[in-house]
Amino acid sequence: MTDRKTAEAWKEAVVYQVYPRSFMDSNGDGIGDLAGIIGKLDYLQQLGVNLLWLSPVYRSPMDDNGYDISSYEDIAEVFGTLQEMERLIAEAKVRDMGILMDLVVNHTSDEHPWFLEALKSTNSPYRDFYIWRKPAADGGPPNDFRSYFGGSGWTFDIASGEYYFHQFSKRQPDLNWDNPQVREEVHAMMNRWLDKGISGFRMDVIDLIGKDVDRQVMVNGKNLHQFIHQMNRATFGHRDCVTVGETWSATPEDALLYSAEQREELSMVFQFEHIKLFWDEHDGKWCNKPFNLLRFKEVIDKWQRALAHQGWNSLFWSNHDLPRAVSRFGDDGRYRVASAKMLATALHCLKGTPYIYQGEEIGMTNVRFASIDNYRDIESLNLYRERTEAGVSDAQMMEGIYANGRDNARTPMQWDNSPHAGFTQGTPWIAANPNYQQVNVAAALACPDSIFFHYQKLVALRKKLPLLVHGDFQQIFADHPQVFGWLRRFNGQTLVVINNFTPEPVTLDVPEAMQGKQGTCLITNSSPRVRLPASLELQPFESFALLLERS
């Protein structure tokens, strides 16, 4: 295991997620690339972040925008070269930033050499790298498992007369993690990347690798934690690394299994309970529920308390699979700036490691393209077709995509007000959000009071105030339907954080024990607060963090 001093260091970090395809295009082909990321490292250094998580840049036919990998050892031509990847690692290091690679090992592309060899013969040594079953008695799929991208989770291979299993696209066959050779190959690949100097991995759908397809147990399979522990021991466990697992199924109890230090598994996991809270019980994210702050607070509070002393929380409002934070949890109209700042303060003042998704630091919003033809995401396209054919109206399906479709997060990064938001000199692979002329980096950097500088200040505060990293968490105003507030305490210091999550003014009664307390306002999106009166008049989406004087 890493010594405690090093192990604690990553807890102080702030992570910035780059979706390379949409970040910056350097060569005019309409697709973001590694050279584009390198060209923007000074911008990211100005923001102050420590770690850059890159969505996959490996060689891929791009059926699922790189989450279908045909070679873990090379870089997709559209993104650049392996030499450019090595340069990015080095240039980031010079700026005191590490690179987190996206580790996609639940599945590969159907063009990966392992799968191509598996197709050649049932006797191929690579056949058991994947999951094959004979047809059911009627000749159909072995069972009725449905792919998360629509359709059956089984695809028939005519040559062998067997079906192969895939939880996502049919071009993303699942690896068979019960095969020790698969695990050895993955571990060797991970070590080669670590030897190149990366700082760790974000692990795509890692909770699926222990699956039992015959029993249709896809998450938390019986060997899951054994596999991750073995991976830790074989690869990153003895290195100075950060690992975060994507675990859509995780409960707080599961998170402790993944992230408690003595378990020797991962640094932390992404859990999505606060995201799924507003999905429909039957139609999932395609039928959105209104935001309910009381339920939202219950979930955040539960996770903060559960991982207070063991394990660690990852903190995020959005990523490449989710809607834009300000559109989901704030107000992307009149109060876009105020609510984006409020969400930033709330996130960075919780206990855990904050993640900023590209564009979040300038308040980028969801997009409403007029037609399904303007969208590119395989999940949205497949499910739009499947559901409209089943009778769901175009209007209903489009509303679901407007609210939660993955392309909301994938429109080009908005750098300036020039054509295509300054993302490319060519034709972008997906159109820019039309609001780029007002919402862009150039405008943010020209305004000292912008969302960008609010984020910059929060990142800087985290670096100099151990309370923000290590302080405990205690919710206040738990029953208030509009305000989310809490205390953070560490080494005799107390921080009061208060956030109005609504576009309405709020009169907030302050608990008697806190009345009259004074301190330093560390950050606010309104007038600075230096004292807590008996009653607070909060402005729409007002947010502040007050470091109390020691008493």
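Which helix and which strand each supply at least two residues of the lining of the largest cavity?

Modeller: They are α11 and β14 (314-315). Helices (H or I, at least four residues) and strands (E, at least two) are DSSP runs, numbered from the N terminus. The model is predicted, so local features need pLDDT of at least 70 and side-chain atom pairs pLDDT 80 or more, while totals for chains, interfaces and linings use all residues. Residues are numbered from 1 along each chain as its sequence is written, and side-chain values use heavy atoms, leaving out hydrogens and water.

Start with the space itself. The largest cavity has a volume of about 100 Å³. A cavity is a set of points on a 1 Å grid over the protein atoms alone where a 1.4 Å probe fits but cannot get out; lining residues have an atom within 4 Å of a point. Volume is the space filled by probe spheres set on the points, which are joined across faces, edges and corners.

Ile300, Trp303 and Gln304 belong to the lining. So do Ser314 and Leu315, along with Asn313, Phe316 and Trp317. Gln271, His274, Leu347 and Leu350 complete the list. By class, the lining of the largest cavity has seven nonpolar residues, five polar and no charged. Here Ala, Val, Leu, Ile, Met, Phe, Trp, Tyr, Cys and Pro count as nonpolar, Asp, Glu, Lys and Arg as charged, and the others, Gly among them, as polar.

Helix α11 spans residues 293-306, and its axis comes within 10 Å of that of α9 (residues 252-259). The two axes cross at roughly 35°. Each axis is a line fitted to C-alpha atoms over the stretch in contact, with angles from 0 to 180 degrees between N-to-C directions. Pro252, Ala255 and Leu256 in α9 meet Lys302, Trp303 and Ala306 in α11; contact means heavy atoms within 4.5 Å. Five of these contact residues are nonpolar, none is polar and one is charged.

How does the next space compare? The structure holds four cavities of 30 Å³ or more. The elements giving two or more residues to the lining of the second largest cavity are α12 (325-329) and α13 (336-348). Six of its lining residues are nonpolar, two polar and two charged.

Key: On a 1 Å grid over the protein atoms alone, a cavity is a set of points where a 1.4 Å probe fits but cannot get out, and a pocket is an open set with protein on both sides within 12 Å along at least five of seven lines; lining residues have an atom within 4 Å of a point.
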